[in-house]
Amino acid sequence: GTGNAPYTGPPECGRSQHNAYGEVLASFRLVTLQALPACGGATTQQVIDQDQIDQITADTDVVTVQALGNDFAFGVLVGYCLEPSVTCHRDQSLAPLGGITVQQLLDRIPLDAPAALDHLYDTLAERIATVHARAKVVVVDYGNPFPDPAGWVGPLCPYMDAEELGVATDFANGLNVALQQAAARHGFAFANAAPRFRGLDVCGFAPAFYRVGLPGMPWLPSVLPTTDPGLFHPNRAGQGIYAAVLAGRLSV
């Protein structure tokens with residue numbers, strides 16, 4: 001729920017008090033929310049290390065998990081795509097990531113994501129078994145905050161060309177393919193919310209994501225999106241989309 005203030009819990013985690021999708025589901029009495037342990041910026045390993053999984057108890061019926069993008073430095077890639085002085089073209093070197101190119105980062109997703117997700121999901125399944133819960137696990141995918149390069153690009157993306165939009169699409173699709181495949185390997189349900197975000201990207205006038213900047217104005221002061229931790233996370237409308245998709249998965 002990062003970006004949807006006010007927050008609860010550790011301030012660095014950005015847990016929305018009212019608008020995270022779990023809170024939305026609870027407000028409609030579709031679930032009784034036991035815990036909201038998510039922490040913004042966490043990698044798959046940090047989900048384990050931060051004891052998020054330890055919040056599962058014998059009474060837990062449903063667990064949602066949405067982690068992978070931070071394993072592949074999504075924020076760095078976004079910064080390069082939107083900063084006017086640099087690009088996220090496929091041959092662009094990413095200095096904060098040791099100088100690997102954008103294409104090398106994309107290539108890492110199918111190579112490294114399966115092991116990272118298997119470790120996370122195995123740990124999650126072990127916790128469920130240890131506490132003797134009969135919990136359904138739902139893996140949640142990512143909506144792409146940028147438009148399809150083959151479609152209409154709104155006026156609020158003045159610094160993104162077709163190649164950069166293609167990179168953003170490949171990145172989001174790569175993450176979601178890895179998530180769906182890992183969910184299937186572990187017998188977990190998969191919430192495919194990504195199609196619901198089409199047309200609601202940050203380049204248009206009705207985004208489901210937080211954005212900054214106006215036409216003709218710089219988006220970011222540097223290649224890292226440090227101006228606001230909620231930048232490009234789903235806003236209230238985006239969290240509502242996730243809640244609606246998850247509501248449909250609860251009874252499946």
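## Reading contacts in a predicted model

Modeller: A search of the whole structure, which is a predicted model, finds 6 aromatic pairs.

Biologist: How is a pair of aromatic rings described?

Modeller: A pair of aromatic rings is described by the distance between the centres and the angle between the planes. In this structure, the ring centres of Phe146 and Phe232 are 5.7 Å apart and the planes stand at 45°, so this pair is called tilted. Phe146 lies in the loop between β6 (136–140) and α5, while Phe232 lies in the loop between β7 (189–191) and α6 (236–249), so the pair ties together parts that are 86 residues apart in sequence.

Biologist: Are Phe146 and Phe232 buried or exposed?

Modeller: A residue counts as buried when its relative accessible area is under 20%. Phe146 has a relative accessibility of 5% and is therefore buried, and Phe232, with a relative accessible area of 5%, is buried as well.

Biologist: Which residues do ring pairs link into a cluster?

Modeller: Ring pairs join Tyr21, Phe197, Phe209 and Tyr242 into a cluster.

Biologist: Which residues have the most contacts inside the largest nonpolar core?

Modeller: The largest nonpolar core has 69 residues, and Tyr121 and Phe146 are the ones with the most contacts inside it. Helix α4 gives the most to this core, namely 10 residues. If residues up to four places away in sequence are not counted, Tyr121 touches Val65, Val139, Leu179, Ala182, Ala183, His186 and Phe188.

Biologist: Let us turn to charged side chains. How many salt bridges does a search of the whole structure find?

Modeller: The search finds 2 salt bridges, and to read one of them we look for a side-chain nitrogen of Lys or Arg within 4 Å of a carboxyl oxygen of Asp or Glu. Arg90 forms a salt bridge with Asp170, where the closest N and O atoms are 2.6 Å apart. Arg90 lies in the loop between α3 (74–82) and β4 (93–94), and Asp170 lies in helix α5 (residues 162–186), so this pair ties together parts that are 80 residues apart in sequence. Arg90 is partly exposed at 26% relative accessibility, and Asp170 is partly exposed with a relative accessible area of 35%.

Biologist: Which parts of the chain does the pair of Asp118 and Arg185 link?

Modeller: The side chains of Asp118 and Arg185 meet in a salt bridge, at 2.9 Å from N to O. This pair links distant parts of the chain, with Asp118 in helix α4 (residues 102–130) and Arg185 in helix α5, 67 residues apart. Asp118 counts as partly exposed at 24% relative accessibility, and Arg185 counts as partly exposed at 42%.

How values were computed. Residues are numbered from 1 along each chain as its sequence is written. This is a predicted model: local features need pLDDT of at least 70, side-chain atom pairs count only at pLDDT 80 or more; totals for chains, interfaces and linings use all residues. Side-chain values use heavy atoms; hydrogens and water are left out. Helices (H or I, at least four residues) and strands (E, at least two) are DSSP runs, numbered from the N terminus. Buried means under 20% relative accessible area, exposed over 50%, partly exposed in between (1.4 Å probe, protein chains only). A nonpolar core is a set of buried Ala, Val, Leu, Ile, Met, Phe, Trp, Tyr and Cys residues joined through side-chain atoms within 4.5 Å. Contact means heavy atoms within 4.5 Å. Rings of Phe, Tyr and Trp (its six-membered ring) pair if their centres lie within 6.5 Å; planes under 30 degrees apart count as stacked, over 60 as edge-to-face and the rest as tilted.
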